[in-house]
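Colleague: I have this one open on my screen. Please walk me through it.

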Amino acid sequence: MAKIYEDLSLLIKRSKLTFIILSVILFLVLAFYWKIQIWDHQKYWKMAEANHLRSLPIPAPRGLIYDRQKIILADNQPSFKVSWLKEAIKADQPVIEPVSQLLNLGPEELKSRIERYRWLQPFEPVVIKDNLKLEEVAVIEARKEEFPELQLQVEPRRFYSFGSTAAHVLGYLQEVSPEELKSNSNRKWRGGEMIGKSAVEKQYDDYLTGQAGQLIETVDSQGRSLGEVNRIEPIKGQDLILSIDLDLQKRAEELLQGKEGAVVVLDPKTGECLAWVSSPSYDPNRFITRFSPEEWLSIISDPAKPLENRVIRGLYSPGSIFKIVTALTSLETGIISDRTTFFCSGSLNLYGQDFACWFKPGHGSLNLPEAIKNSCNVYFYQLGRRLTVDTIARYARTLGLGKATGVDIPGEKDGLVPSTDWKRKAQGEAWFPGETISVSIGQGPVLVTPLQVAALTACVANRGIKIRPRVTRVDGQKTPEQERTGLDSDLFEKIIEGLWRSVNEGGTGHGAYQPGFEICGKTGSTQVISREKAEKMIERGEVPAKTHSWFSGFAPRNDPRIVVTVLVEFGGMGGQTAAPLAGEIFKVYREKYVRQANLQGN
Amino acid sequence: MLDRRIFREIDWTTILLMVLISVIGIIFVHSAIYYQASQYVWKQVLWLAVSLAVLSVLLMIDYKVLLSFAFPFYILMNVILAGLLIFGRRIANTRSWLVFGPFQFQPSELTKLAVILLLARLFSSYKEEQMSFRAFLLSSGLVGLPFILIALQPDLGTALTFIPVLLGAYILAGLPKKYVILILIVSLLAGLVGWNYGLKDYQKKRIETLLVPGQDPRGAGYQLQQSKIALGSGGLTGKGYHKGTQSQLRFLPARQNDFILAVVGEDLGFLGILMVFGLFFIFLYRLFMATQVSPDRAGVYIAFLAAMLIGCQFLINIMMIVGLFPITGIPIPFLSYGGSSLLSNFLIVGLVINVKMRRFAYVRF
């Protein structure tokens with residue numbers, strides 16, 4: 001029989017020898033562990049007691065926010081905060097009292113501030129007071145040996161250089177809430193960190209937020225720092241340039257001073273907003289601190305709602321501005337041409353109901369441009385009776401109403417474009433033909449935001465190309481986001497003729513007229529109270545200023561560069577309040593941009 | 001065809017030891033990083049389950065079949081490693097990872113398996129008492145290629161684990177004295193050149209730290225100092241599970257990987273260390289002794305190289321964390337956190353079990 005197994009004895013011998021050598025090393029190493037763990041135990045035990053490590057975050061400065069001229073709108077300023085180090089404390093109780101005296105806080109208040117972040121890791125510091133005054137800093141610094149559980153740190157604090165200016169574009173910061181902290185799985189935020197809570201600060205939070213650094217230091221058993229072990233420097237967040245023009249923004253805010261309303265100025269080609277005003281405003285500097293319940297409460301309980309961003313969250317009836325939509329719908333569906341005339345006698349009886357024109361004596365016989373110029377209601381009632389509400393709704397949506405514009409500020413509302421479906425769902429009722437008549441002049445349940453009106457105006461100015469509004473600069477390389485409505489540009493020319501006459505030939509928009517600047521625009525007045533109630537008020541000798549006042553227009557006519565939309569709440573007729581205000585903005589724009597360009601051109 | 005009798009020969013004790021050490025590892029990974037443990041622990045538990053499943057598949061296939069695929073497998077792994085260097089995404093500054101959804105895998109770990117199979121294949125018909133120069137060069141080159149590819153990732157720690165495997169091949173094949181001298185000269189030269197050009201500053205620091213411990217407790221010596229304090233303060237019985245680690249080792253990077261034994265030593269003291277050493281001693285004994293029951297030469301090589309790989313990784317790590325070896329980023333097999341290395345270690349030991357269970361099937365009358 002042949003040999004079944006090979007002779008492997010030499011290999012096995014070598015293997016055994018290797019194992020023996022490795023085992024000897026293993027036992028020698030074990031002896032070394034014995035030395036460390038048993039022999040030198042006392043020494044290392046003492047070292048362990050004396051030598052603790054502590055990691056502290058070093059906050060990173062947020063990126064700055066500039067206007068389009070590179071003026072700083074949101075800056076950082078050094079500010080002192082004091083944190084509570086749980087780790088350094090054996091028991092809370094005995095130190096609460098002296099610390100609360102040192103910081104001039106009630107013991108209960110101090111406890112609640114510590115308790116808020118009780119669930120954090122023991123080595124993460126909890127901010128208990130920030131935005132300290134220099135005297136407070138001096139006191140804490142002088143007595144730091146007595147209070148190892150307190151840690152004084154400088155942090156960059158947001159400072160809005162122009163206070164309430166552009167507050168609704170910039171937004172504000174607040175401390176990250178415990179709920180947000182618990183839900184953030186990737187540990188993006190730490191407890192006590194300030195994060196963007198609205199507008200640009202929120203939308204671009206990731207972009208603006210830097211990367212926090214880390215300081216590792218050794219501390220003694222009392223929690224006193226013995227020195228740095230390692231330091232990772234924080235990385236500042238990226239800077240952001242807004243499309244806002246500070247001069248225009250300030251002027252627009254001045255013009256709305258004391259009124260409630262909104263102004264949007266944008267570039268119809270790129271969608272870049274040059275001014276964005278929601279009035280009344282607020283000073284975000286007042287509550288960029290972690291502990292300011294009084295100021296915060298006073299702002300959120302203000303009946304004028306200064307925090308509300310009216311530009312994108314204010315829902316208003318568009319009033320006569322909506323006539324642009326009705327006119328485009330009628331031209332596109334072919335029920336009229338721009339030369340079709342109707343007769344206005346001051347009112348029109350339809351479906352057994354009287355529908356009045358705002359001009360009681362009546363406009364007489366007029367065509368479409370004249371009807372837009374004079375904002376004649378009867379003309380548009382005539383269009384409304386020839387259209388269905390669903391057709392109007394379809395074109396209103398095509399033109400961008402009824403859904404958010406997609407601007408880069410969060411919280412935008414959709415508005416409302418009514419249709420038969422909507423009414424059936426929302427109110428469980430059928431649509432009445434009479435309601436279509438109201439809708440045709442922008443009354444009834446139509447709701448828009450000022451930004452939607454500005455976007456609609458830009459679409460008209462572009463002869464049918466929609467843009468997405470934005471508050472940041474468009475990257476030079478990229479083309480701005482545009483979308484075609486599919487409507488013929490000729491239709492828009494016919495509307496624009498009427499808008500031009502409205503401002504330049506003594507129409508309702510005459511208040512916006514600026515010599516030498518080809519402004520085209522439309523006014524709107526929306527009845528907040530019923531006409532009967534208004535008439536009763538006049539009988540009683542009161543002034544019925546209970547209508548919202550709109551103006552939205554663009555200029556120049558043939559090469560539109562600017563869209564201005566103004567809404568003044570309870571401003572009265574659009575031609576009286578909103579149009580002159582818009583005219584003033586057109587003037588400022590022209591002086592700054594057009595004149596300069598002309599001078600340079602010459 | 002599968003002979004059912006071979007399943008009676010499965011070495012359950014070795015499998016049990018692997019699982020036991022892995023479970024101890026998971027328990028102490030939890031202690032090391034308890035506040036972010038859940039994801040780590042569950043991932044590792046999942047990897048353990050995957051490893052057991054793949055192991056049972058591996059045992060079905062005769063190792064001789066595996067050996068016949070050794071060369072294509074080796075080529076494939078090197079292509080993947082080269083591809084990673086060119087196309088790989090950088091994760092934690094190295095190009096070591098293949099990413100599949102939530103899981104990441106290090107091909108360098110599986111390359112160990114390929115290298116062991118290839119060397120076993122190469123020497124299976126090598127019956128000389130001493131190694132020829134040709135075999136010496138060939139084996140060195142075949143291990144050198146993946147070594148360089150992995151070192152370039154850069155992952156020096158994983159690359160270095162190939163050295164014991166090559167050394168194992170030298171030992172088993174019988175290296176003449178003149179080659180030993182040659183190796184010494186080459187490694188001395190490589191050391192000099194590497195010191196001046198190849199090693200990064202922090203790596204040099206680590207070696208300097210080893211030579212003069214405690215000279216720089218806040219810099220490179222800091223990790224070592226901390227792990228020694230953790231072990232030393234653990235004493236005989238330790239501070240208790242979850243009690244120690246957080247104060248001493250919190251800032252040690254990779255404490256769930258390379259410094260896991262320091263966590264065990266702090267929590268359970270010298271008795272805990274004794275337990276881990278004891279388990280590994282039994283485990284290594286069984287691996288080395290598998291060479292005695294191997295039916296053929298290739299089987300001896302598989303068992304011996306696997307034992308060298310596991311044994312030397314363990315020895316280097318236990319020496320590293322007390323300052324007897326430079327800190328090179330070599331984890332303890334099965335005990336340290338890491339899915340890819342767990343899987344590859346299971347497979348490597350699986351090869352040995354595979355050899356042992358087929359020792360009788362060889363004989364046919």
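Modeller: One term to begin with: buried is under 20% relative accessible area, exposed is over 50%, and partly exposed is in between (1.4 Å probe, protein chains only). Helices (H or I, at least four residues) and strands (E, at least two) are DSSP runs, numbered from the N terminus. This is a predicted model, in which local features need pLDDT of at least 70 and side-chain atom pairs count only at pLDDT 80 or more, while totals for chains, interfaces and linings use all residues. Residues are numbered from 1 along each chain as its sequence is written, chains are lettered from A and ligands numbered from 1 in the order in which they are written, and side-chain values use heavy atoms, without hydrogens and water.

Colleague: Fine. How many residues of strand S8 of chain A are buried?

Modeller: Six of the seven residues in S8(A), 213-219, are buried, so the strand is mostly covered.

Colleague: And in what sense does S8(A) pair with S9(A)?

Modeller: S8(A) runs antiparallel to S9(A), residues 225-232, over six bridges. Pairing here takes at least two DSSP bridges between two strands. One bridge puts A:Val219 with A:Ser225 of S9(A).

Colleague: What holds strands together in general?

Modeller: Strands of a sheet pair through backbone hydrogen bonds, either parallel or antiparallel.

Colleague: Now the five-strand sheet in chain A. What is the strand order?

Modeller: The order is S12-S11-S21-S20-S19, in an open sheet with antiparallel pairing. The edges are S12 and S19 (520-527), each of which pairs on one side only. On average, neighbouring strands in the sheet are turned by 5 degrees against each other, direction ignored. Such angles are taken between N-to-C directions, from 0 to 180 degrees, using lines fitted to C-alpha atoms (for helices, over the stretch in contact).

Colleague: How many bridges join S11(A) to S21(A)?

Modeller: Six, with the two strands antiparallel. A:Val265 is opposite A:Val564 of S21(A). S11(A), residues 261-266, also pairs antiparallel with S12(A), over six bridges, and there A:Leu266 faces A:Cys273.

Colleague: What about the other neighbour, S20(A)?

Modeller: S20(A), residues 547-555, pairs antiparallel with S21(A) over seven bridges. A:Phe554 has A:Val563 as its bridge partner.

Colleague: Which residues of S21(A) point which way?

Modeller: A:Ile562, A:Val564, A:Val566 and A:Val568 point to one side, A:Val563, A:Thr565 and A:Leu567 to the other, and all are buried. That is seven of seven residues for S21(A), 562-568.

Colleague: Switching to helices. Why would you call H15(A) largely enclosed?

Modeller: Because eight of the 10 residues in H15(A), 377-386, are buried. Among them are A:Tyr379, A:Phe380, A:Tyr381 and A:Leu383.

Colleague: Where does H13(B) bend?

Modeller: At B:Leu268, by about 130 degrees. The bend is the angle between axes fitted to the seven residues ending there and the seven starting there. As for cover, 21 of the 30 residues of H13(B) are buried.

Colleague: Last topic, backbone. Which peptide bonds are cis?

Modeller: One is A:Ser279 to A:Pro280, with omega near 0 degrees; A:Pro280 sits in the loop between S12(A) and H11(A). Another is B:Gln153 to B:Pro154, with omega near -5 degrees, and B:Pro154 is in the loop between H6(B) and H7(B).

Colleague: B:Phe334 has a positive phi. Is that residue buried or exposed?

Modeller: B:Phe334 is buried, at 2% relative accessible area. Its phi is about 70 degrees, although the residue is not a glycine. A:Asn131 also has a positive phi, near 55 degrees, but A:Asn131 is partly exposed at 34%.
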